[in-house]
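Visitor: Hi! Could we walk through this one together before I set anything up?
Guide: Happy to, here it is.

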Amino acid sequence: MRTIFFGSSDFAIPSLSALASAHDIAAVYTQADRPAGRGLKLTPTPVKAAAVPLGLDVFTPEKLDAGFVALAAGLRPELLACVSYGKILPVALLESATLGALNVHPSLLPQYRGATPIQAALREGLKTTGVSVIWMSPRMDAGDIALQRSVAIEATDDFAALHDRLARLGSDMLLEAAAQLDEGRLARTPQEHERATYTKPLRKEDLRIDFDSDPLAVVNQVRSLSPKPGAWALVNGVRVKVLEAEVSPRGDVGVDGDAFAVACRGGVVRLLRVIPEGKPAMTGAEFARQVK
C-alpha cells in the first residue's frame, strides 16, 4: 500500500519501521531539525534519524500550506499514517489518500486526548490505559475509532516503560488496521465526544515536586516523568532529579536502606534513585551521605 508517514517522536519509530517492512513508503514527513543539548546543535527528530538509514525520502515542512498539500498529494498516497507528528494535518491532505488517513494515539479515546496521555495516565494513578487507532479528522484526536486495545499499567511502570510498551502495541495495531483497510473491512465507530477529557503539554511547573502533597501523588508524579524530563525537588538545598520513588511502608525519615526518605503530607516517600545537579545517578542513600 502506497503510504505517506507523518511522525516525529520516539513513539512513532516502531510504527514507521513496521510500515516500511510491509508497505511502500512514498515519503516521511517530520518536524524540522531543532537546536538541542548544551551546544544547541541542530538535531533531527527521532523519526528523521530512523528514516534516513532506511533510505526513505524525508521532508520537514515548517508550514502545512497549500504548496505542501499539493506536493504531498502529488505522491498519490493510498494511506496517510500519522503517529506523534505534532501538527494537525489539513483536511485537503486527509482527503487526498484514496483509502484513508489513520492516527495512532496512546490512550483509550475519547479519554486523554492531546499531547501527554501517557504522562497523565501515570500521574493520575490509572490501572489501565491503551492504544487507539482512529480515522483522522480535522479535530484533534476526535476521529472515529478503527481499533482500540487496553493495556494494564503495572505498579513498577514509569514513563519510559509504558511509552515503549504502547509504542510497540501501536505499531502492531497500525499494521493490522492497514491490512483491514486494504481489504475494505476496517471499522469506523464514532467517539462519545461528551466523555472526552484532554491533556496539555508539560509546563516547567509540572516538573517540580511538592512534598506538601500526598505521598502517592508524589510517587505518581515521579513515575510519569521518569527518566525524561524528570521530576525534581530541592532536598537539603540541592536540586535533585528523582528517577524512582515509592511510598514508605514504615514512615521512617532520613536514610532508609538504599533510599532517602522524605516526609510528605500524611506520610513518607522513599527516594530510591536520584540525579543531584551536576552529578551522576545514584541511590537516595548515597545522595544523603553526600549532602550531610
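Visitor: Where is the place of Arg76?
Guide: This is a predicted model, and in it Arg76 sits in the loop between α3 (66-73) and β6. Its phi is positive, about 55°, although Arg76 is not a glycine.

Visitor: Is Arg76 buried or exposed?
Guide: Arg76 counts as exposed, at 59% relative accessibility.

Visitor: And Leu40, what about its phi?
Guide: Leu40 is not a glycine either, yet it has a positive phi of about 50°. You'll find Leu40 in the loop between β3 (34-36) and β4 (41-43). Leu40 is exposed, with a relative accessible area of 57%.

Visitor: Switching to helices: which residues of α1 are buried?
Guide: In α1, which runs over residues 13-22, the buried ones are Ser15, Leu16, Ala18 and Leu19. Looking down the axis of α1, the buried residues fall within an arc of 165°, so they line one face of the helix.

Visitor: What covers the buried residues of α1?
Guide: The cover includes the strands β1 (2-7), β2 (24-29) and β6 (79-83), along with the helices α2 (46-51) and α6 (159-182).

Visitor: Last topic, omega. What is the peptide bond from Leu109 to Pro110 like?
Guide: That bond is cis, with omega near 15°. Pro110 is in the loop between β7 (100-105) and β8 (113-114).

Visitor: And what joins Ser226 and Pro227?
Guide: A cis peptide bond, with omega about 5°. Pro227 belongs to the loop between α7 (215-225) and β12 (231-235).

Terms used
Residues numbered from 1 in each chain as written. Predicted model: local features only at pLDDT ≥ 70, side-chain atom pairs only at ≥ 80, totals over all residues. Heavy atoms only, no water. Buried < 20%, exposed > 50% of the residue type's maximum accessible area, 1.4 Å probe, protein only. Helix = DSSP H or I, 4+ residues; strand = E, 2+ residues; numbered from the N terminus. Arc of directions from axis to C-beta. Contact = heavy atoms within 4.5 Å.
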